[in-house]
Amino acid sequence: LRPASEFKVTVTGMAGKMIDESARYATEMLQYLADRYHIDKKKLAKTNVHIHRPDAGQEKDGPSAGIAISTALISALKNIKVRRDVAMTGEVDLFGNVGPIGGLMGKLEGARRAGITTVLIPSENVRDLIDVPDSLKSKLTIIPVSHVDEVFTRALTEALTEPTVA
């Protein structure tokens, strides 16, 4: 995040259309819910959000980074760290609702290989856990989430100020 003359989102690196879309939804959601999370709207309106995705992973087959980007943004805006042992996947809409993703098993396998112990997944993807081997599920704490409030509570090292109910 950098001060700027107007609000702007820049996505660079190996982003592609899906990451760009996820970043735009995440930033628009935080603009829309700024009061809820006690974010200074005037400061946000003059902020340049730059998201860089290095060439360090698989190509995305669909949108799934919205909650991770939202968490990174709220972390930077509120100066609260993100837990290192939590991974997450899920898209986000303007109202903060978490949407489903594809490729759940691959994402869970990737989290396990990276040494992650807790994975936040969209509630709508719980039905997909039937296809995930018990040997993989037993190595992870898998937590379904349906709104970014739940994501922020689980992923941040400190609690946000109690969200203002809209």
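Q: Leaving aside its neighbours within four places in sequence, which residues is V119 in contact with?
A: In this predicted model, V119 is in contact with A87, L108, A111, L140, T141, I142 and I143, if you skip neighbours within four places in sequence.

Q: And which strand does V119 lie in?
A: V119 is part of strand β7, residues 118-122.

Q: Buried or exposed, what does V119 count as, and why?
A: V119 counts as buried, because its relative accessibility is 4% and buried means under 20%.

Q: How far apart in space are V119 and A155?
A: They are 9.6 Å apart, C-alpha to C-alpha, while 36 residues separate V119 and A155 in sequence.

Q: OK, cores now. Which residues touch the most other members in the largest nonpolar core?
A: That core has 33 residues, and Y37, I74, L120, V151 and F152 touch the most other members. Elements giving two or more residues to this core include β2 (8-13), α3 (66-78) and α6 (148-155).

Q: Which element gives the most to this core?
A: That's α1, with 5 residues. Another core lies apart from this one: it has 12 residues, among them A87, I116, V119 and V132.

Q: Switching to the surface: which residues form a nonpolar patch there?
A: Y32, L94 and F95 do, with about 300 Å² of accessible area together.

Q: Where is the place of F95?
A: F95 is in the loop between β5 (91-92) and β6 (98-99). At 45% relative accessibility, F95 counts as partly exposed.

Conventions:
Residues are numbered from 1 along each chain as its sequence is written. This is a predicted model: local features need pLDDT of at least 70, side-chain atom pairs count only at pLDDT 80 or more; totals for chains, interfaces and linings use all residues. Side-chain values use heavy atoms; hydrogens and water are left out. A nonpolar core is a set of buried Ala, Val, Leu, Ile, Met, Phe, Trp, Tyr and Cys residues joined through side-chain atoms within 4.5 Å. Buried means under 20% relative accessible area, exposed over 50%, partly exposed in between (1.4 Å probe, protein chains only). Helices (H or I, at least four residues) and strands (E, at least two) are DSSP runs, numbered from the N terminus. Contact means heavy atoms within 4.5 Å. Patches are made of residues with over 30% relative accessible area and no salt bridge: like charges are joined within 9 Å, nonpolar side chains (Val, Leu, Ile, Met, Phe, Trp, Tyr) within 5 Å. Accessible areas come from the Shrake-Rupley method with a 1.4 Å probe; for residues, only the protein chains shown count as cover. A salt bridge is a side-chain nitrogen of Lys or Arg within 4 Å of a carboxyl oxygen of Asp or Glu.
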